[in-house]
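Subject: Structure for you to look at

Dear colleague,

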Amino acid sequence: MTLCFASTAILSPTAGYVMLACFSVLWIGLGIWWGRRASSYDSFAVADRNVGMALGTATAVATWITSNTTMLAPQFALQLGVWGALAYSTASFGLFAFAPMSGRIRQLMPKGYTAVEFVRRRYGSLGSVPFLLISIFYALTWLISMSMAGGKLLEVLSGIPYPVGMSVVVSVCVIYTLFGGMYAVIGTDFIQSLIILVGLVVVAVAVLMRIDIADVHSKLETNRPMLLSYLFPAALMALFNNMLFGFGEIFHSNVWWSRAFAMREGVGPKAYALGGVLWLPVPIVAGFLGLAAPALGIGISQPDTVGPFVAATLLGTGGAFLVFVVVFCSLASSIDSLLAATADLIVNDIVEPISRKVTVTEPPTQLSDSAKRQASTIAIIALGVFAWAFAFPNVGTLATVLFFAGPMVGSCVWPIVGGLYFRSPGPLAAGAAMVFGTASGLWAYFAIGWFVASLVGASVSGLVFGVITWLSPNNFEFENLANEAT
């Protein structure tokens, strides 16, 4: 039997507005409650460096189960088939690889705050300037894609106009992040991760009870056989592209470094490894919804909304409520993390260095605790306004928006790994690797497609980094990283 559905909202706008209001009040309330402990800048930025195993694992899972996981994984499957669903799951390898790196980071820089701070101390301005630009650009790109996802979700499920839904999602995350910083982010992540994992299991079981997998396979084999082909060229390239993009995302992003600094010593490796295990099956489950859509005859007007729409269509009103909750939680857990971590970058790697340069005292005076908190507040608000302004036009799909930053983050993989574990890489190798990797990856993005951009960027970056390190080796002293002065 073929099921045919129109691409219309499942819930009424009234139900959507009620749920949106309830979750907005809940997250703001929880953010304020968890944020009561943020009495100093250290509390606000890195939760007093005392996050334990449970909260550490929960925040890793919740942050990595973004709306990209629940919405892009099905889009990958819809457009690229079986390899597309598996391609998105390779992002878990980044968490597995970052697990031992988080322990190394905590050991080398016990009082650190940001990834850019590490690159500045390790490679100087030659490496830190391009790395800072890449980090800020990527964070803004991710913020914009998350904001877009919020608006798309609410419009698809309940008919709430895209600008309204997107604006509310961004505003709520800005408000509760302002109140509690990292404490609020990690605290709400714990609740959100539980809701997301339980919700995804329920949705997956309910969907499997409504459809016949053999029937789906048979119809795909007849009508769209390329989706089942193991030799689909674009899908194979996307597999490796997404894996390297995942490495680059986690290795370079301050979202993950700030958590490494916030966790108690010895917690990071275990928390990130367990987080990777819990996250691994999520995109595969979500991706199946994308494969089911063409087989069931469900019409999709926007490919990046296929997952929530298929689940909500098959499961009816109750399923739509559940999908709403899961995706809303995944949105909030990522947007708040980005706001807090990027604000740390702005304060520690832009505002404070400028303040030191313009000060008239000798030695230069560091920003006070209250000044840093004030700067963080301004940065969080500015980031929220920026993301809202660029997400408002709703141009492009989530994949095209997010993967534009792919070659940039891919070019950071080798400088980060080499800088953490080896003495010989120097500033020239790091800076050149990021510049040439980014340039070549962006060329591939426009000349070939987004599904190869990260792969090209990371490959060229690794080649440049290796050659320059071999030709001009350095002899860095890792003990210098423990010094608090920058």
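Lys372 touches Tyr41, Val347, Asn348, Glu352 and Leu367, when residues up to four places away in sequence are not counted. Please bear in mind from here on that this is a predicted model, and that every value in this email was computed from it. Lys372 is found in helix H16, and because its relative accessibility is 11%, below the 20% under which a residue is called buried, Lys372 counts as buried.

The side chains of Lys372 and Glu352 meet in a salt bridge, with 3.6 Å from N to O. This pair links distant parts of the chain, since Lys372 is in helix H16 (residues 369-391) while Glu352 is in helix H15, 20 residues apart. Glu352 is buried as well, with a relative accessible area of 6%.

In one of them, Asp349 forms a salt bridge with Arg120, and the closest N and O atoms are 2.8 Å apart. Here too the pair links distant parts of the chain, because Asp349 is in helix H15 (residues 306-358) and Arg120 is in helix H7 (residues 115-123), which puts them 229 residues apart. Asp349 is buried, with a relative accessible area of 8%.

In the other, Glu477 forms a salt bridge with Arg423, and the closest N and O atoms are 3.5 Å apart. Glu477 is in the segment after helix H21 (450-471), whereas Arg423 is in the loop between helix H19 (413-421) and helix H20 (427-447), and the two residues are 54 residues apart. Are these two residues buried or partly exposed? Glu477 is partly exposed, with a relative accessible area of 37%, and Arg423 also counts as partly exposed, at 34% relative accessibility.

At 1.5 Å a residue, the 22 residues of H21 should span 32 Å, and the end C-alpha atoms of H21 are 33 Å apart, which agrees. The buried residues of H21 are Trp450, Phe451, Val452, Ala453, Ser454, Gly457, Ala458, Ser461, Val464, Phe465, Ile468 and Thr469.

Trp256 lies in helix H12 and is buried, with a relative accessible area of 0%. Leaving aside its neighbours within four places in sequence, Trp256 is in contact with Ala60, Thr63, Trp64, Leu95, Phe98, Glu249, Ile250 and Tyr272. The C-alpha atoms of Trp256 and Ser102 are separated by 8.5 Å, although these residues are 154 residues apart along the chain. Gly187, found in helix H9 (residues 162-210), is buried with a relative accessible area of 1%. Between the C-alpha atoms of Gly187 and Leu55, which are 132 residues apart along the chain, the separation is 7.3 Å.

The structure holds three cavities of 30 Å³ or more, and the second largest cavity has a volume of about 50 Å³. Its lining is made up of Ser135, Tyr138, Ala139, His252, Ser253, Asn254, Val255, Leu338, Ala341, Thr342 and Leu345. Helix H8 (125-158), helix H12 (254-262) and H15 are the elements that give two or more residues to the lining of this second largest cavity. The largest share of that lining, four residues, comes from H15.

Finally, here is the chain as a whole. Its secondary structure comes to 21 helices and zero strands, and of its 486 residues 60% count as buried. Among the contacts in the protein chain with a separation of 6 or more, 86% are between residues 24 or more positions apart. The accessible surface of the protein chain comes to about 17500 Å², and 71% of this surface belongs to carbon and sulfur atoms.

With kind regards

Definitions and conventions:
Residues numbered from 1 in each chain as written. Predicted model: local features only at pLDDT ≥ 70, side-chain atom pairs only at ≥ 80, totals over all residues. Heavy atoms only, no water. Buried < 20%, exposed > 50% of the residue type's maximum accessible area, 1.4 Å probe, protein only. Contact = heavy atoms within 4.5 Å. Areas by Shrake-Rupley, 256 points an atom, 1.4 Å probe, with all protein chains shown as cover. Salt bridge = Lys/Arg side-chain N within 4 Å of Asp/Glu carboxyl O. Expected span 1.5 Å × (residues − 1). 1 Å grid on protein atoms, 1.4 Å probe; cavity = no way out; pocket = protein on both sides within 12 Å on 5 of 7 lines; lining within 4 Å. Points joined across faces, edges and corners; volume = space filled by probe spheres on them.
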